[in-house]
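Please look over the model below before reading my points.

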Amino acid sequence: MTRRALITGITGQDGAYLARLLLGKGYDVVGGSRPSPARDLWRLRAVGIDRDVRIADLELLDSSNILSVIERERPHEIYNLAAQSVVHSSFRTPVLTGDADALGAARILEAIRKVDSSIRFYQASTSEMFGDTDESPQSETSAFCPRSPYGVAKLYAHWMTVNFRNADGLFACSGILFNHESPLRGREFVTRKITHGLAAIALGQCDCIELGNLDARRDWGFAADYVEGMWKMLQGKAPQDYVLATGRSHSVRNFCEAAATAVDLDLVWQGAGIDEKGIDSRTGRTIIRVSSDFYRPTERQPLVGNAAKAGRELGWRSTMSFPELVRTMAEADLKLARR
Ligand code: GDD
């Protein structure tokens, strides 16, 4: 029997890679996406599957809409990837972020319980739930101490996933994913902002980019690896929560340096703090500035994950190294900018 999957947030980076993976495994894929006359399917086109998935209007803020989509589509698996996923924005829209990211997951879980409790559920949880935890690297047993409205909302959804599993016996898994990037990443996130910006600078299309904290550290992996982990979680014998991460952290500064090399800019740093600048040593031009607009109100602990449990129990591991990831993204952006 063909398995059917419903992916909420199918128009995002992870939605596109996951849909491609599931189609390759013979699934019938339904993509949930907010009703919009201007829905943009560019990522699905980029991975060559825009004609192979059905799109259903799905609004995380509306329980009755969620219920009717699940009743109509009767998926075997639901991957809840839809969210207000920009951490920085969540400080300005904490209530909306909570409604979509926290209650949205609860609405889906409640609908599963009503319609068919055998539907398997994946919740896109995040390393942002660890926030200011005192343990490093972070694993499934590390304490949660979120430092943003986004992290707080996601933590509610995580615990609801665990609770529906324990109280109602749902096959519900929470994947605690560290940052995962690709050429399909939105430009509001730092990695793509850097590769897109430096590629444009290298081709003379732009002068300079502005960044926030250059010393912020993240554990960056390749998104296509991570969707494989999502699928593996729902194929397990018993529902569990898993961290997916590379186990290595790099700074925003490291990312800029690797991206500059990939687009053939010779980046050197001058100054310190808010006055620090990235200079192209060949032309002497400033190509990176620091702006307080992109600093987070609260950010302390460098996030780096321990994915040993996923390795042991799911056979999952991240396959792309940091230099390879940066190069892949930068080369894709050079190609795009040349077009
Ligand atoms: N966005 C952004 N823009 N971040 C910047 C900038 C900038 O100009 N300058 C420095 N940063 C730093 C941020 O302070 C943060 O420490 C780091 O770069 C990464 O920021 P983002 O790329 O915006 O990602 P994130 O870590 O906040 O969150 C992403 O990963 C999470 C874990 O998977 C998002 O995708 C979340 O939705 C996801 O849960």
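The points below take the sheets in turn and then the pockets and cavities.

1. Ground rules. This is a predicted model: local features need pLDDT of at least 70, side-chain atom pairs count only at pLDDT 80 or more, and totals for chains, interfaces and linings use all residues. Residues are numbered from 1 along each chain as its sequence is written, and side-chain values use heavy atoms, with hydrogens and water left out.

2. The seven-stranded sheet. Seven strands make an open sheet with parallel pairing, ordered S3-S2-S1-S4-S5-S6-S11. S3 (54-57) and S11 are the edge strands; each has a single partner strand, so one side of each lacks a neighbour in the sheet. Neighbouring strands are turned by 20° against each other on average, direction ignored. Strands here are DSSP runs of E with at least two residues, helices are runs of H or I with at least four, and both are numbered from the N terminus. Two strands pair if DSSP finds at least two bridges between them. Axes for the angles are lines fitted to C-alpha atoms, for helices over the stretch in contact, and angles run from 0 to 180 degrees between N-to-C directions.

3. Strand S1. S1 covers residues 4-8. Four of its five residues are buried (buried is under 20% relative accessible area, exposed over 50%, partly exposed in between, with a 1.4 Å probe and protein chains only). Five bridges tie S1 to S2 (residues 28-33), in parallel. Leu6 faces Val30 of S2 there. On the S4 side, S1 pairs in the parallel sense over four bridges, and Ile7 has Tyr79 as its bridge partner.

4. Arg3 sits in the segment preceding S1. Arg3 is partly exposed, with a relative accessible area of 30%. Which separation applies to Arg3 and Asp28 in sequence, and which in space? They are 25 residues apart in the chain and 6.2 Å apart C-alpha to C-alpha.

5. Strand S4. S4 joins S5 through four bridges, running parallel. Asn80 stands opposite Gln123 of S5.

6. S5 (residues 120-126) and S6 run parallel and share six bridges. Thr126 is set against Leu177 of S6. S6 (residues 172-177) then joins S11 in parallel through four bridges. There Gly175 has Tyr242 as its bridge partner. S11 (residues 241-244) is an edge strand, yet both of its faces are covered. Asp241 and Val243 are buried on one side, Tyr242 and Leu244 on the other.

7. The four-stranded sheet. A further open sheet runs S8-S15-S14-S13, with mixed pairing. Its edges are S8 (209-211) and S13 (267-270), each pairing on one side only. The twist averages 30° from one strand to the next. S13 and S14 (residues 277-280) are antiparallel over four bridges. Leu267 stands opposite Asp280 in that pair.

8. The second largest pocket. On a 1 Å grid over the protein atoms alone, a pocket is an open set of points with protein on both sides within 12 Å along at least five of seven lines; a cavity is a set where a 1.4 Å probe fits but cannot get out; lining residues have an atom within 4 Å of a point. Points are joined across faces, edges and corners, and a volume is the space filled by probe spheres set on them. The second largest pocket holds about 410 Å³. Of its 15 lining residues, Ala46, Pro183, Leu184, Ala332 and Leu336 lie nearest the centre. H2 (42-46) and H11 (322-338) each supply at least two, and H11 gives the most, with five.

9. How many lining residues of the second largest pocket are nonpolar, polar and charged? Nine are nonpolar, none polar and six charged (nonpolar: Ala, Val, Leu, Ile, Met, Phe, Trp, Tyr, Cys and Pro; charged: Asp, Glu, Lys and Arg; polar: the others, Gly among them). Domain 1 (4-182 + 221-248 + 303-320) and domain 2 (190-216 + 251-301 + 325-338) each give at least three residues to this lining. The domain bounds come from an automatic or database assignment.

10. Cavities. The whole structure has two cavities of 30 Å³ or more. Trp220, Thr246, Arg248, His250, Met320, Ser321 and Phe322 line the second largest cavity. Three of these are nonpolar, three polar and one charged.
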